[in-house]
Amino acid sequence: QVQLVESGGGLVQAGGSLRLSCAASGNIFHINAMGWYRQAPGKRRELVATITTGGITNYADSVKGRFTISSDNAKNTVFLQMNSLKPEDTAVYYCNAVVRPNSYSGYGNFWGQGTQVTVSS
């Protein structure tokens with residue numbers, strides 16, 4: 001099994017910054033990509049940013065120029081630096097990893113438990 005543990009959420013005023021971290025552990029043969037998704041109350045879960053182990057990044061238009069995703073492949077960890085936060089960024093942020101658990105299985109999608117980010121106006 002694969003576990004994803006997130007940290008770094010909290011309450012911040014509009015214009016402030018937060019940094020999220022997510023560490024993957026367990027049965028990991030190879031990680032193809034890691035990323036962050038978020039879900040606000042009453043809304044669908046949406047992509048925030050992803051990064052492949054090769055360093056290719058992808059961002060939602062709503063966070064481009066404000067958020068930066070990075071990773072430490074040696075530690076199976078992904079980070080999300082969030083600057084210039086807005087009230088509309090308020091959501092539960094979920095870490096995601098596309099992981100191959102062993103040499104004889106394919107890749108699977110794994111999720112963290114989520115961390116709350118609240119931006120006050």
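Start by selecting Asn-76, which lies in the loop between E7 and E8. Strand labels follow DSSP: helices are H or I runs of at least four residues, strands are E runs of at least two, numbered from the N terminus. Check the backbone here: phi of Asn-76 is near 50 degrees, a positive value in a residue other than glycine. Most residues other than glycine have a negative phi. Asn-76 is partly exposed, at 23% relative accessible area. Buried means under 20% on this scale, exposed over 50%, partly exposed in between (1.4 Å probe, protein chains only).

A note on the model before moving on. This is a predicted model, in which local features need pLDDT of at least 70, side-chain atom pairs count only at pLDDT 80 or more, and totals for chains, interfaces and linings use all residues. Residues are numbered from 1 along each chain as its sequence is written, and side-chain values use heavy atoms, with hydrogens and water left out.

Next, select Ser-84, in the loop between E8 and E9. Ser-84 is not a glycine, yet has a positive phi of about 50 degrees. Its relative accessible area is 42%, so Ser-84 is partly exposed.

Now go inside. Select Leu-4, Met-34, Trp-36, Leu-80, Met-82 and Tyr-93: these have the most contacts inside the largest nonpolar core, which has 31 residues. Such a core is a set of buried Ala, Val, Leu, Ile, Met, Phe, Trp, Tyr and Cys residues joined through side-chain atoms within 4.5 Å. Colour the contributing strands. Those supplying at least two core residues each include E1 (2-7), E4 (30-39), E8 (77-82) and E11 (115-120). E9 gives the most, with 5 residues.

Centre on Leu-80. Leaving aside residues up to four places away in sequence, Leu-80 touches Leu-18, Arg-19, Leu-20, Trp-36, Val-48, Ala-49, Phe-67, Thr-68, Ile-69 and Tyr-93. A contact means heavy atoms within 4.5 Å.

Finally, zoom out to the whole protein. Cartoon view gives 0 helices and 11 strands. The radius of gyration, taken over C-alpha atoms, is 14 Å, close to the 14 Å that the globule rule (2.2 Å times the number of residues to the power 0.38) gives for 121 residues, so the protein is as compact as a globular protein of that length. The C-alpha atoms fill a box of roughly 50 × 25 × 20 Å along the principal axes. Of the 121 residues, 40% count as buried. Among contacts between residues at least 6 apart in sequence, 55% join residues at least 24 apart.
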